[in-house]
Amino acid sequence: MGWLRQVAFGDRPGDEVWGALAGGVEERWLAAVALGGQGHYAAAAGVLGDVMRAGGLFGSLAASTLASHRRQLGGHAAARSLDGRALALVTAAEGESGDADDVDLAGARADALLGLAADAVGAGRLVEARRLHARVEPRGWRSRVRHQWLAAEIALAGGHAEQAVRPAEVAAATAREAGATRHILKSDLVLGTALVVWGTPESVGRGLDLLYCDLNHTHRSGLISLIWPTALVLANAQADRSIAGSENVKDSAKNALSCVLRRADPLGRHLAALSPWIPTALLRSGEPPNADAETNFLTD
């Protein structure tokens, strides 16, 4: 089980996990978490649906994970239903807490509430998002990181980019202490975005440097689900400031998003096509995306 934890939450996010899909409930859930990070949403959805129907702790964790994948494709309403189910399942589950990676009842409850808060951010319901965020009591490193992501995203969505910087920095430091590559890279995306949107000369320079580094690392780690939003934020930032190279980075975003959508299940592709947050116009015509990628990226 240790190696699967390393792929899902550690320093091996690009490793192959297909063989684990024939394992027990925890192995299948961890494999689906890893597959989602690699952009294999269709494969993950099939596994997560089965685990979710079994109920209990891993049913709740599976529902939250599938909700996260739906959100990453712009399906906030679909994700909200799944996050609600995750909360109901964990309320009915029995077991102990204290797992280092939040693979326990307290972690599952935090996942569900943070997911609901992220769904509210995507729908523009910031009062609801703040209320749900305040209900979370993070314990393990993973819930602490995600709690800080949400704090930063709520600040960004409220037009207070400078207030998003500190929680993003805390998330990045916590993820680095845990050695969690995928969470490090997502934290750096959140931080880089906050710095660029803040808009001071110093913050923009630091943010661009961070996003360039982040894009290189996401490519090397095979985390397709993070490549396209990182590249799109960077491309938009470059274009807004007449920095050369924005078209090359936009091509990287286009290629990664195209790959993600090819790997998604039909419902995931449908949600992406309908979502105002997913720049499918980038794929169709090369026109600028409908969404403002500098402030609307999706919580894991």
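Q: How many aromatic pairs does the structure hold?
A: The model is predicted: local features need pLDDT of at least 70, side-chain atom pairs count only at pLDDT 80 or more, and totals for chains, interfaces and linings use all residues. Residues are numbered from 1 along each chain as its sequence is written, and side-chain values use heavy atoms, with hydrogens and water left out. Rings of Phe, Tyr and Trp (its six-membered ring) pair if their centres lie within 6.5 Å. The number of aromatic pairs in the structure is three.

Q: Is the aromatic pair of Phe9 and Trp29 stacked, edge-to-face or tilted?
A: The rings of Phe9 and Trp29 lie 5.9 Å apart, centre to centre, with 55 degrees between the planes. Planes under 30 degrees apart count as stacked, over 60 as edge-to-face and the rest as tilted. The pair of Phe9 and Trp29 is therefore tilted.

Q: How many residues apart are Phe9 and Trp29?
A: Phe9 is in helix H1 (residues 2-9) and Trp29 in helix H2 (residues 25-37); helices are DSSP runs (H or I) of at least four residues, numbered from the N terminus. The pair links distant parts of the chain, its separation being 20 residues.

Q: Which residues form one aromatic cluster?
A: Both Phe9 and Trp29 are buried, that is, under 20% relative accessible area with a 1.4 Å probe and protein chains only. The members of the cluster are Phe9, Trp29, Phe58 and Trp141.

Q: Are H8 and H10 roughly parallel or roughly antiparallel?
A: Helix H8 (residues 141-157) and helix H10 (residues 181-198) have axes 11 Å apart, at an angle of about 20 degrees. Axes are lines fitted to C-alpha atoms over the stretch in contact, and angles run from 0 to 180 degrees between N-to-C directions. Angles under 35 degrees count as roughly parallel, over 145 as roughly antiparallel, 65 to 115 as roughly perpendicular and the rest as oblique. H8 and H10 are therefore roughly parallel.

Q: Which residues of H10 does H8 meet?
A: Contact means heavy atoms within 4.5 Å. From H8, the residues are Trp141, Arg142, Val145, Trp149, Ala152, Glu153 and Leu156. In H10 they meet His183, Lys186, Ser187, Val190, Thr193, Ala194 and Val197.

Q: Are H7 and H8 roughly parallel or roughly antiparallel?
A: The axes of helix H7 (residues 126-135) and H8 come within 11 Å and cross at roughly 160 degrees. This angle makes the two helices roughly antiparallel.

Q: Which residues of H8 make the contact with H7?
A: H7 contributes Leu126, Ala129, Arg130 and His133. Those from H8 are His147, Leu150, Ala151, Ile154 and Ala157.

Q: At what angle do H6 and H8 pack?
A: Helix H6 spans 105-122. The axes of H6 and H8 are 10 Å apart, and their angle is about 15 degrees.

Q: What is the relative accessibility of Asp102?
A: Asp102 lies in the loop between helix H5 (76-92) and helix H6. Asp102 is not a glycine, yet has a positive phi of about 65 degrees. Most residues other than glycine have a negative phi. Asp102 counts as buried because its relative accessibility is 2%.

Q: How far apart are the C-alpha atoms of Ala173 and Val145?
A: Ala173 is in helix H9 (residues 161-178) and is partly exposed, with a relative accessible area of 47%. Along the chain, Ala173 and Val145 are 28 residues apart. Their C-alpha atoms are separated by 8.8 Å.

Notes
Buried means under 20% relative accessible area, exposed over 50%, partly exposed in between (1.4 Å probe, protein chains only).
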